[in-house]
Amino acid sequence: MTGRTLRLTSRLRSRRTTPARGRGATPKVVALGGGMGLSASLAALRRITGDLTAVVTVADDGGSSGRLRDELGVLPPGDLRKALAALCGDDDWGQTWSRVIQHRFQSPGEMNGHAVGNLLIVALWEQLGDHVQALDLVGKLLGAHGRVLPMSAVPLELQALVKGHDPDRPDDIDTVRGQATVALTPGEVQSVHLVPHDPPAVPEAVAAVLDADWVVLGPGSWFSSVIPHLLVPELLDALVETKARRVLSLNLAPQPGETEGFSPQRHLEVLGRHAPKLALDVVLADEAAVPDRESLTDAAKERFGAAVELAPVARPDGTPRHDPELLAAAYDRIFRMHGRIGPWR
């Protein structure tokens, strides 16, 4: 580590961020996902717990992240950046830094479309040679209300088996490669897998899941942001073995391409197919997005042994986006109603 980096680290360590809390003062929560779905969950969770860790998918291959990944061979930083931005506080410091790292350059040259936060994260990876240490350092700079970890330390490629990907061959099943392509694929996604197969998990991510009081999975792009966590063997083992309670947060609407036409219970079906040993405690859904509560209740119980909690968590403007305050209230109620009696109570 250079002298300049040491001085920067020292200054950031001295900066006060989240007020210190005693261990156990609030529930230890780990949230898994990627993209805007994970950001919505983090923006809600940081309002109700002082002990929050995000575990983020690293299979993105589009946009600025894809370009940096291809050119430098690094993890795609985009979803990690979004998670850090979501953990920024509501004060001037937090909101200023949130805007800065989300800022994208606009130019006729090669910098066009690159996000400031992506460049910052990759620069620190190159300076420090350590993914986790670099992300922790960025979090301190931002005053982030939580920690951000990649689910794996190697870049991953998402591949999907898709029925009817070619409209001229509606019954054929093709392999579609790349997260950006899978997210918008025509046809019906049958299953997804990662390349390399059996990728190693980041040890700190596994430890966080095993040490958590609650693990939150979703919302987000089902096949490209949520399910990939279940395809990392060490991380799946931790999710199965942890003593934490587990809540699955469903999307507000099916997504064009990935889950078009899916009912809420169909989301559970495909999740269970990818992780048959996974148990859940609670499935959270927006009450307006569940046309058949009885079918969802039966599917949650049969597939995962889980209870269903319905709550108004969508923004009141009618867009299929979660409202941070309403989602925070729903999580808080679930933690209190379904959680074990703990020192945060």
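**Figure 1. Helix α5 has an outward face and a buried side.** The face of α5 turned away from its buried side carries the exposed residues Asp92 and Arg99. This and the other views show a predicted model. Within α5, the buried residues are Gly94, Ser98 and Ile101. These residues lie on the same side of α5, because they cover an arc of only 80 degrees around the axis. In general, an α-helix has 3.6 residues a turn, so residues three or four places apart point the same way.

**Figure 2. Helix α11 also has a buried face.** Helix α11 spans residues 233-241, and its buried residues are Leu235, Leu236, Ala238 and Leu239. Down the axis of α11, these buried residues fall within an arc of 160 degrees, so they line one face of the helix. The cover over them includes the strands β1 (28-33), β2 (51-56), β7 and β8, and also the helix α9.

**Figure 3. The largest pocket is lined by 44 residues**. Its volume is about 1,000 Å³. Several helices give two or more residues to the lining of this pocket: α2 (35-45), α3 (63-72), α4 (78-86), α5 (92-102), α8 (179-183) and α10 (222-226). The lining residues that lie nearest the centre of the pocket are Gly34, Gly35, Met36, Gly37 and Ser39. By residue type, the lining of the largest pocket consists of 21 polar, 15 nonpolar and eight charged residues. The pocket lies between domain 1 (157-195) and domain 2 (199-223 + 230-338), because both give residues to its lining.

**Figure 4. The domain assignment gives two stretches, domain 1 and domain 2**. Domain 1 covers residues 157-195, while domain 2 is written in two parts, 199-223 and 230-338. Taken over C-alpha atoms, the centres of domain 1 and domain 2 are 23 Å apart. Where the domains touch, 13 residues of domain 1 are in contact with ten residues of domain 2.

**Figure 5. Gly178 sits in the loop between β5 (173-177) and α8**. Is Gly178 buried or exposed? Its relative accessibility is 2%, and residues under 20% count as buried, so Gly178 is buried. Leaving out residues up to four places away in sequence, Gly178 touches Asp61, Glu157 and Leu158.

**Figure 6. Ser65 is a buried residue of helix α3**. Ser65 counts as buried because its relative accessibility is 3%. Which residues are in contact with Ser65, leaving aside its neighbours within four places in sequence? They are Asp60, Pro76, Pro77, Gly78 and Asn118.

**Figure 7. The loop between β6 (188-195) and α9 (203-211) holds Pro196 and Asp198**. Val195 and Pro196 are joined by a cis peptide bond, with omega about 5 degrees. Asp198 has a phi near 55 degrees, which is a positive value in a residue other than glycine. Asp198 is exposed, because its relative accessible area is 61% and the cut-off for exposed is over 50%.

**Figure 8. A cis peptide bond joins Gly218 and Pro219**. The omega angle of this bond is about -5 degrees. Pro219 belongs to the loop between β7 and α10.

**Figure 9. One cavity of 30 Å³ or more is found in the whole structure**. The space in the largest cavity is about 50 Å³. Its lining is made up of Val215, Leu217, Leu239, Arg246, Val247, Leu278 and Leu280. The strands β7 (214-217) and β8 (245-249) each give two or more residues to this lining. By residue type, the lining of the largest cavity has six nonpolar residues, no polar residues and one charged residue. Leu239, one of the lining residues, is also among the buried residues of α11.

How values were computed:
Residues are numbered from 1 along each chain as its sequence is written. This is a predicted model: local features need pLDDT of at least 70, side-chain atom pairs count only at pLDDT 80 or more; totals for chains, interfaces and linings use all residues. Side-chain values use heavy atoms; hydrogens and water are left out. On a 1 Å grid over the protein atoms alone, a cavity is a set of points where a 1.4 Å probe fits but cannot get out, and a pocket is an open set with protein on both sides within 12 Å along at least five of seven lines; lining residues have an atom within 4 Å of a point. Grid points are joined across faces, edges and corners, and a volume is the space filled by probe spheres set on the points. Helices (H or I, at least four residues) and strands (E, at least two) are DSSP runs, numbered from the N terminus. Ala, Val, Leu, Ile, Met, Phe, Trp, Tyr, Cys and Pro count as nonpolar, Asp, Glu, Lys and Arg as charged, and the others, Gly among them, as polar. Domain bounds come from an automatic or database domain assignment. Buried means under 20% relative accessible area, exposed over 50%, partly exposed in between (1.4 Å probe, protein chains only). The arc is that of the directions from the helix axis to the C-beta atoms. Contact means heavy atoms within 4.5 Å.
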